[in-house]
Amino acid sequence: MSRLLDSLPVWARGLRARLVFAFLAIAALGAAAAAGASYVSARTTVLKYAQDQVMDSAKNAVNQLAPEISFPPTQATLDQIASRLPGGTSIVTYRSMTSRPLGYRVQDIPAELRAAVRDRGVLMFQRGQSPGGGSSTVLFVGMPVMTKKAGEEPTPSGMEIYLFRDLAGPAQQISALANSAWQTSLLALPLAALLALLAARGVLRPVRELRGATRRLAGGDLGARLEVKGSDELADLAHTFNDTAAALDRTVTGLQRMEADARRFVADVSHELRTPLAAMTAVTDVLDEESANLPEDAQIAARLVGQETRKLARLVEDLIEISRFDAGAARLVLTEVDVAEAVRNTLRARGWIDAVRTELPEGVLTRLDARRLDVIVANLVGNALRHGQPPVVATLTASPQWIEFSVTDHGPGLPEAVLPQVFARFYKADSARSRSEGSGLGLAIAWENAQLHYGTIEAANAPHGGARFTLRLPRLARGIEAQAFEEGGPW
């Protein structure tokens with residue numbers, strides 16, 4: 001059944017089309033049954049009326065002629081009786097004698113009819129095709145001529161009378177009645193289709209409303225509800241949908257409140273940690289400078305404290321930055337930027353200028369947030385230097401609409417299972433890297449900054465090995481500027 005539905009056109013698979021087809025099929029079957037029953041009833045009535053007329057006429061004629069017949073009859077008597085019977089197509093037999101044929105011959109009489117008349121001694125009839133291969137229907141009527149002596153029961157005289165009546169007229173009436181019945185049935189089909197459409201519309205209206213409410217709910221409108229009408233199965237379905245939507249609303253609202261509380265807590269803690277960490281960082285810088293004058297164990301402890309303090313300070317700064325994105329507080333400060341020069345400044349500031357092979361064409365100017373571009377480049381290049389293998393190659397290409405900046409290392413690359421998760425917060429592909437210098441937020445912050453520019457970052461493996469991260473930013477900043485204007489940006 002499912003294969004049959006799949007083979008139908010799309011418009012025919014819908015519930016409306018299936019309901020209309022079902023209504024039409026039921027209407028067609030009902031009309032066909034009514035037409036057939038009408039045909040059978042009319043046919044029986046017409047044929048019975050015609051047969052009764054013929055047999056009554058034959059009986060009356062024989063009753064009128066019987067007193068005039070003398071036995072044994074002669075050939076002339078048989079011919080005379082045959083000529084006086086109504087219809088002019090009769091045959092009279094008496095033992096081996098037969099009246100002169102008047103249209104039909106004695107061989108045309110069905111043998112079973114003759115046997116039944118002879119054996120039963122009563123009036124019999126039979127319908128059949130016209131003798132000689134004709135297509136019209138003929139009624140054969142046979143009856144014995146009875147004789148009666150005083151005080152005795154009537155007995156067959158041996159004389160039999162057969163009459164032939166063409167039923168072409170009644171057949172035409174039956175055919176006309178059948179045609180009329182079928183035409184009436186066909187005329188009822190358009191009306192049935194109209195009624196089916198109206199019925200399907202009424203039945204499917206709640207379904208359409210349910211579909212619309214479900215789409216609004218799926219689109220994030222947790223207040224989507226259905227108006228409950230009546231008390232049928234569809235009303236129960238509407239009640240169920242409303243209860244489900246209300247439960248989902250409560251659950252999502254609770255989760256959103258918990259998520260907001262968690263983000264606010266992280267942001268508050270990060271801000272509270274920022275000031276003491278700044279002091280701790282200053283102290284560890286002093287310890288680093290004076291470590292040469294300390295005993296060896298104290299030098300190791302001072303370096304360890306400094307390293308961990310810097311990691312903690314970076315983690316706090318990254319958490320604060322992520323909190324700005326989550327709160328929707330991150331804003332762009334657009335300026336005209338020479339992208340190649342901005343990339344070189346990032347590499348130079350972090351001491352990576354000799355560790356990275358660059359292919360940076362000059363003259364690529366566009367409006368960007370230079371600070372956020374620096375964050376993106378630093379995270380991509382730093383990630384390649386820490387986790388890939390040299391040489392690390394930074395490449396810049398530009399088109400009239402876009403700029404692409406890619407960083408490729410020559411390490412083992414990224415497993416396929418890691419690629420979808422590589423920009424997730426605190427995600428680390430290798431558990432052995434859990435104590436690396438990174439906070440686990442660098443790529444997530446880079447991705448958020450790219451999104452803020454209406455751009456993307458894609459992670460993949462280079463054709464010849466190694467991981468490749470590609471930043472793609474729109475060069476025409478009309479969309480960015482329009483959004484920033486609506487949000488009250490600083491430019």
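Two strands count as paired if DSSP finds at least two bridges between them. Helices (H or I, at least four residues) and strands (E, at least two) are DSSP runs, numbered from the N terminus. The model is predicted, so local features need pLDDT of at least 70 and side-chain atom pairs count only at pLDDT 80 or more, while totals for chains, interfaces and linings use all residues. Residues are numbered from 1 along each chain as its sequence is written, and side-chain values use heavy atoms, with hydrogens and water left out.

An open sheet is formed by 5 strands in the order 2-1-5-4-3, with antiparallel pairing. Its edge strands are strand 2 (97–98) and strand 3 (124–129), each of which pairs on one side only. Strand 1 (residues 90–94) runs antiparallel to strand 5 (residues 155–166), and 5 bridges join the two. Ile91 has Tyr162 in strand 5 as its bridge partner. Helix 2 (residues 15–65) packs on the sheet. This helix touches strand 3, strand 4 (137–147) and strand 5, contact meaning heavy atoms within 4.5 Å. The direction of helix 2 makes about 30° with that of strand 4. Axes are lines fitted to C-alpha atoms, for helices over the stretch in contact, and angles run from 0 to 180 degrees between N-to-C directions. Helix 3 (residues 75–84) lies across strand 1, strand 2 and strand 5, and runs at about 150° to strand 1.

A further pairing involves strand 6 (residues 335–338) and strand 8, antiparallel over 4 bridges. Within it, Thr335 is partnered by Leu368 of strand 8. Strand 8 (residues 365–368) has Thr366 and Leu368 on a covered face, and Leu365 and Arg367 on an uncovered one. In a regular strand, side chains alternate between the two faces of the sheet.

The largest nonpolar core has 38 residues. Such a core is a set of buried Ala, Val, Leu, Ile, Met, Phe, Trp, Tyr and Cys residues joined through side-chain atoms within 4.5 Å. Buried means under 20% relative accessible area, exposed over 50%, partly exposed in between (1.4 Å probe, protein chains only). Phe405, Phe469 and Leu471 have the most contacts inside this core. Helix 9 (370–387) is among the elements that give two or more residues to it. Helix 9 gives the most, with 7 residues. Leu471 touches residues including Leu373, Ile376, Phe405 and Ala450. A second, separate core of 25 residues includes Leu47, Ala50, Tyr94 and Ile161.

Glu321 lies in helix 7 (residues 296–326). Glu321 counts as buried because its relative accessibility is 10%. Not counting residues up to four places away in sequence, Glu321 touches Arg371, Arg372, Ile445 and Asn449.
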